[in-house]
Structures are given as structure tokens and as C-alpha cells.
Amino acid sequence: MQRISAALILLSAALGQAQIKVACLGNSITEGFGLPQGALAFPARLGQLLGSGYSVQNDGIGGRTLLYKGDLPYISNNGGKLNDLFNFKPDIITIELGTNDTKPQNWDAHKAEFKGDFLSLLDTLNTLS
């Protein structure tokens, strides 16, 4: 009986809360580019798995790099997605960047900047709170 009472208390508390917002920042893997017909991009699938207590936004853009001096840096070439993310005011942000950073024109020239650029991105995202 105690378990049922505890579950009901938790359920009633969860029902009274607003949706938890999740922003998925990333490249084409996040965006869902190249998926077969009917397949869901990662953020849409995540939204299904998390359920109605969550609102998940896809902020993925194909080809983008985490590196600020990469060929298509997310931070400066994001087609408004970063503004969308800031307007969304997420509680949680996932970051899936790095795949395009491994291209020779990016990695060979800028690999030493990766950690600093990542920390800078985190600093930028921390201004949301």
C-alpha cells in the first residue's frame, strides 16, 4: 500500500508541472538528414521515448562543426537555430557535434582548438539559465 501511495504522490506532482523542455543541438545526425522514409530523427524519437511530460526541439543542422574555425561552424552559421534554442528556453540540452570536425580540412588545422571551442559553446549555452 505504501508503494501505491508514493506512486500516486509522484504522479500527481508530475502532472502539476509544466513540460520539461529538451533542445537537441547538433549536425545532420541530429537533424535527421538521409533517414529512410518514415524514420524519425533522434529528437523526435527521444520525444516519443520521454513521453508527454517533455517537449523536445530539433536544433540540428547538417554539416555543422563544433570548431569555431571549421568549414561550417554551428556557433556562427546556424540559420537562426541558436536563436530558436534561446527562445525555447530548454531545461536540458543535448549536444551532438564533432562528426564533421573530423574532416581533414577541419581537424588537421584546428584540432588543438576543439576543447576550448567546446567549453566556449558550453559557456554560451549556460547563459540560458
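Biologist: Leaving aside neighbours within four places in sequence, what is His110 in contact with?

Modeller: His110 is in contact with Leu67, Lys69 and Gln105. Keep in mind that this is a predicted model. A contact here means heavy atoms within 4.5 Å.

Biologist: Why is His110 called buried?

Modeller: Its relative accessible area is 15%. Buried means under 20%. So His110 counts as buried. His110 lies in helix α5, which covers residues 104-110.

Biologist: What makes Trp107 partly exposed?

Modeller: Trp107 has 32% relative accessibility. The partly exposed class lies between buried, under 20%, and exposed, over 50%. Therefore Trp107 is partly exposed.

Biologist: And why is Phe114 called partly exposed?

Modeller: The relative accessible area of Phe114 is 24%.

Biologist: How many aromatic pairs does a search of the whole structure find?

Modeller: The search finds 1 aromatic pair. Its rings belong to Trp107 and Phe114.

Biologist: What makes the rings of Trp107 and Phe114 a pair, and why is the pair called edge-to-face?

Modeller: Take the distance, then the angle. The ring centres are 5.7 Å apart, and rings pair if their centres lie within 6.5 Å. The planes meet at 65°. Over 60 degrees counts as edge-to-face, so that is the name for this pair.

Biologist: How do you know that the charged end of Lys21 sits over the ring of Phe88?

Modeller: The charged end of Lys21 is 5.4 Å from the centre of the Phe88 ring. The distance limit is 6 Å, and the charge must also be within 35 degrees of the ring normal. Lys21 is listed as sitting over the ring.

Biologist: Now to helix α6. Which residues of α6 are buried?

Modeller: Asp117, Leu121 and Leu125 are buried.

Biologist: Why are they said to be on the same side of α6?

Modeller: They cover an arc of only 80° around the axis, which puts them on the same side. An α-helix has 3.6 residues a turn, so residues three or four places apart point the same way.

Biologist: What covers the buried residues of α6?

Modeller: The cover includes β1 (20-26), α4 (81-88) and β3 (92-96). The face turned away from the buried side carries exposed residues: Lys115, Asp123 and Asn126.

Biologist: How far does α6 reach from its first C-alpha to its last?

Modeller: Helix α6 has 13 residues, 114-126, and reaches 18 Å. That is close to the 18 Å expected at 1.5 Å a residue.

Note on methods. Residues numbered from 1 in each chain as written. Predicted model: local features only at pLDDT ≥ 70, side-chain atom pairs only at ≥ 80, totals over all residues. Heavy atoms only, no water. Helix = DSSP H or I, 4+ residues; strand = E, 2+ residues; numbered from the N terminus. Buried < 20%, exposed > 50% of the residue type's maximum accessible area, 1.4 Å probe, protein only. Expected span 1.5 Å × (residues − 1). Arc of directions from axis to C-beta. Phe/Tyr/Trp six-rings, centres within 6.5 Å; stacked < 30°, edge-to-face > 60°.
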